[in-house]
Amino acid sequence: MKTAFRWLLSAVFMVQIYVMMLIFGLVFAPWALVSPRGARVACRSYAGYVLWCARWMLGLRTEVRGPVPTEEVIIAAKHQSFLDILIIFHATPSAKFIMKRELLWTPIIGIYAKRLGCVPVNRGKKGNAIARMVKDVAAEFADPGQLVIYPQGTRVAPGADRPYKIGTGVLYAALEQPCVPVATNVGLFWPRTGIMRKPGLGVVEFLPAIAPGLDRDAFMATLEREVETHSNKLMQEAGYNIDGVSHHG
């Protein structure tokens, strides 16, 4: 009975946050269309709304740890669900994301992504996609900000093993900027698929920056070690056994 109620509550939560995405998008549209600041205020307001609703509706609290970058950096983050996107965007002053090109054609999201300076990539043609990504990122960096990339390329379930893609290393070398690794455990409470959402403490942790200048292999090894080690620690803190057994309830 308790599980059924939580599933129903999760379903209501999910429906209303997507309805509110449409409402926020329409209300802020006149400002967003004439000013990128309007788009940023809209998206930060929406992210704050969802985090607030998650806390009081689901008992899912969120926490940001580590120094939040405010300068021009690359943020290379573990990606477990939509929740880590919201937390990162809400915490940083000028985040823009590397995103799937298909999302540009979705209602609301596509319009606001363009206004925020998000960089679309075509994941189907790896060599061409990386070259185009570097070119597009360089163009977008005319407006300072924190460039968020997910090194594994997609959402990854807790405990799952998925390789880190070389695109992050290419950007790191091309932009010659510090890279801030980010760990998270949010997939334990807000899974990448399904409806059920669980109470607990979802954490996004900004780790010490990797200075520019490493060769690509050394950078990728350092990035993966930092993100995976600290993500595992956050999941263990929440009661998750890295062998795949969860004890957080």
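Guide: Gladly! Keep in mind that this is a predicted model. Let's begin with strand β7, where 7 of the 7 residues are buried, so β7 is largely enclosed by the rest of the structure.

Visitor: Which residues of β7 lie on one side and which on the other?

Guide: G200, G202, V204 and F206 are on one side, while L201, V203 and E205 are on the other. Every one of these residues is buried, which leaves both faces of β7 covered.

Visitor: What order do the strands take in the sheet?

Guide: Here the sheet is open, with 7 strands in the order β1-β7-β6-β2-β5-β3-β4 and mixed pairing. At its edges are β1 (60-65) and β4 (119-121), each pairing on one side only. From one strand to the next, the twist averages 20°.

Visitor: How many bridges join β6 to β7, and in what sense do β1 and β7 pair?

Guide: Let's take both neighbours of β7. With β1, the pairing is parallel and has 6 bridges; R61, for instance, has L201 in β7 as its bridge partner. Between β6 and β7 there are 3 bridges, and these two strands run antiparallel. There, V182 stands opposite F206 in β7.

Visitor: How many bridges join β3 to β5?

Guide: β3 and β5 (residues 146-149) are joined by 3 bridges and run parallel.

Visitor: Which strands does α6 touch?

Guide: Helix α6 packs on the sheet and touches β2, β3, β5 and β6. Its direction makes about 160° with that of β5. This helix spans residues 167-175 and is mostly covered, with 7 of its 9 residues buried. Those buried residues are G167, T168, G169, V170, L171, Y172 and L175.

Visitor: Is E176 buried or exposed?

Guide: E176 counts as exposed because its relative accessibility is 61%, and the cut-off for exposed is over 50%.

Visitor: Which residues touch the most other members of the largest nonpolar core?

Guide: In this core of 49 residues, they are F13, V50, I75, I88, F97, Y112 and W190. Elements giving two or more residues to the core include α1 (2-34), α2 (36-58), β2 (73-77) and β7 (200-206). The largest share, 12 residues, comes from α2.

Visitor: What does F13 touch?

Guide: Leaving aside residues up to four places away in sequence, F13 touches V50, C53, A54, M57, L58 and W190. There is also a second, separate core of 17 residues, and V121, L147, I210 and L223 are among its members.

Visitor: How many disulfides are there?

Guide: The count is 0 disulfides. To count as one, two cysteine sulfur atoms must be within 2.5 Å. Take C43: the closest cysteine sulfur, in C118, is 8.0 Å from its own sulfur, so the two are too far apart for a bond.

Visitor: Is C179 buried or exposed?

Guide: C179 counts as buried because its relative accessibility is 0%. Compare that with the cut-off, which is under 20% for a buried residue.

Definitions and conventions:
Residues numbered from 1 in each chain as written. Predicted model: local features only at pLDDT ≥ 70, side-chain atom pairs only at ≥ 80, totals over all residues. Heavy atoms only, no water. Buried < 20%, exposed > 50% of the residue type's maximum accessible area, 1.4 Å probe, protein only. Helix = DSSP H or I, 4+ residues; strand = E, 2+ residues; numbered from the N terminus. Core = buried A, V, L, I, M, F, W, Y, C linked by side-chain atoms within 4.5 Å. Contact = heavy atoms within 4.5 Å. Pairing = 2+ DSSP bridges. Axes fitted to C-alpha atoms, helices over the stretch in contact; angles between N-to-C directions.
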